[in-house]
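Here is a short report on one protein chain. Take a look at the fold first, then read on for the details.

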Amino acid sequence: MTQVSQSLRHWGALILTTLLAAVVWMPSVSGAEPRSIDLYFAEAPPLSMLDQSGLHGIVGDATLKAATRAGYALHFVQVPWARAQQSVRKGVDKLIIPLTRTPEREADYTWIAPIMTMDRAFFSLHKRVETLQQARETYARIAVGRGSAQEQKLRAEGFSDNQIYPFEIGENPAQLLLMGRVDAWFNGIPETQSIWRKVSTQPLQVSPAFMSSDLYLACSRDCDAALVRKLSAAVEALRKDGSLERIRKSYFDAP
């Protein structure tokens with residue numbers, strides 16, 4: 001072998017080694033860690049929750065699937081609901097579920113996508129009402145989640161401050177009913193049924209639905225446009241392929 005051939009082989013091996021080292025040490029774009037986003041949520045099964053078995057509720061599971069599909073990781077944050085809303089309103093790129101879209105909230109958030117529709121009604125142990133006027137005249141004390149769309153609804157409909165008993169979302173208003181501390185509970189129908197089954201076998205008197213609205217995945221008012229676009233598209237894809245309906249049925253059809 002000539003000296004020139006040996007030299008070429010030497011330099012060729014050196015170049016190959018350098019290239020291999022570059023491949024090993026070069027960060028991979030496709031293998032990069034997904035961006036983590038804070039997700040504020042209410043402990044409101046079966047809508048949203050953080051269960052030891054890994055369940056996150058209907059809206060929670062849908063949001064998690066959408067985020068994964070969009071290439072984001074979620075960091076679940078649980079604080080009192082009023083504080084959660086304030087943190088997201090004043091923050092940047094913070095997500096929140098399940099949030100009802102109301103006129104009072106419209107300008108405070110970026111509304112990414114509706115996940116499901118929920119009806120609200122009055123629940124009582126003894127007295128069923130048929131109208132809001134009858135509810136105002138019948139119930140002296142009504143439990144309602146502090147800072148919730150239900151509380152906004154009661155105030156907008158003329159219920160007095162003395163009638164409205166705000167509780168922190170995450171507390172158990174079912175016990176307030178059982179102990180007689182409130183006459184009624186105004187809340188989402190699926191959430192109330194889920195909670196009540198765990199605390200009592202007594203039948204509940206349920207009014208007609210007086211409020212029906214969509215529960216949204218929302219973001220801070222100051223929210224990255226790409227984040228909004230990707231999550232919105234991911235939720236719509238889950239809707240079209242039937243995933244949202246399958247998630248909903250998995251909770252409603254469960255024993």
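## Terms and model

A residue counts as buried at under 20% relative accessible area, exposed at over 50%, and partly exposed in between (1.4 Å probe, protein chains only). By that scale Glu 130 is partly exposed, because its relative accessibility is 44%.

This is a predicted model, in which local features need pLDDT of at least 70 and side-chain atom pairs count only at pLDDT 80 or more, while totals for chains, interfaces and linings use all residues. Residues are numbered from 1 along each chain as its sequence is written, and side-chain values use heavy atoms, with hydrogens and water left out.

## The chain as a whole

The protein chain has nine helices and nine strands. Both kinds of element are DSSP runs, numbered from the N terminus: helices are H or I with at least four residues, strands are E with at least two. Of the 255 residues in the protein chain, 45% are buried.

A contact means heavy atoms within 4.5 Å. Take the contacts in the protein chain with a separation of 6 or more: residues 24 or more positions apart account for 72% of them. The protein chain exposes about 13,600 Å², and carbon and sulfur atoms supply 54% of that area. Accessible areas come from the Shrake-Rupley method with a 1.4 Å probe; for residues, only the protein chains shown count as cover.

How many of the six residues of strand S3 are buried? Six of the six, so S3 (residues 95-100) is largely enclosed by the rest of the structure.

Two strands pair if DSSP finds at least two bridges between them. Strand S1 (residues 35-41) runs parallel to S3, and three bridges join the two. Strand S9 (residues 211-220) pairs with S3 in the antiparallel sense, over four bridges.

## Helix H3

Helix H3 (residues 81-90) has four names on its buried list: Trp 81, Ala 84, Gln 85 and Val 88. These residues sit on the same side of H3, because they cover an arc of only 95° around the axis. The arc is that of the directions from the helix axis to the C-beta atoms. What covers the buried residues of H3 includes S1, S3, S9 and strand S4 (109-124).

Asp 108 lies in the loop between S3 and S4. Its relative accessibility is 31%, so Asp 108 counts as partly exposed. Asp 108 and Gln 85 are 23 residues apart in sequence, and their C-alpha atoms are 9.4 Å apart in space. Setting aside neighbours within four places in sequence, Asp 108 is in contact with Arg 89 and Arg 221.

## The disulfide

A disulfide is a pair of cysteine sulfur atoms within 2.5 Å. By this rule the count is one. Which cysteines form the disulfide? Cys 219 and Cys 223 do, with their sulfur atoms 2.0 Å apart. The link is right-handed, with 85° about the S-S bond. Both Cys 219 and Cys 223 are buried.

## Salt bridges

A salt bridge is a side-chain nitrogen of Lys or Arg within 4 Å of a carboxyl oxygen of Asp or Glu. The whole structure holds 13 salt bridges. One of them joins the side chains of Arg 128 and Glu 130, at 2.0 Å from N to O. Arg 128 is partly exposed, with 37% relative accessibility.

Arg 155 forms a salt bridge with Glu 151, the closest N and O atoms being 3.0 Å apart. Arg 155 and Glu 151 are four residues apart in helix H5 (residues 149-156), which means about one helical turn separates them. Arg 155 is partly exposed at 37% relative accessibility, whereas Glu 151 is buried at a relative accessible area of 11%.

Glu 236 and Arg 239 also form a salt bridge, with 3.5 Å between the closest N and O atoms. Both lie in helix H8 (residues 225-240), three residues apart, about one turn of the helix. Glu 236 is partly exposed at 35% relative accessibility, and Arg 239 is partly exposed at 34%. Elsewhere, salt bridges that share partners join Arg 35, Asp 93 and Asp 224 into one network.
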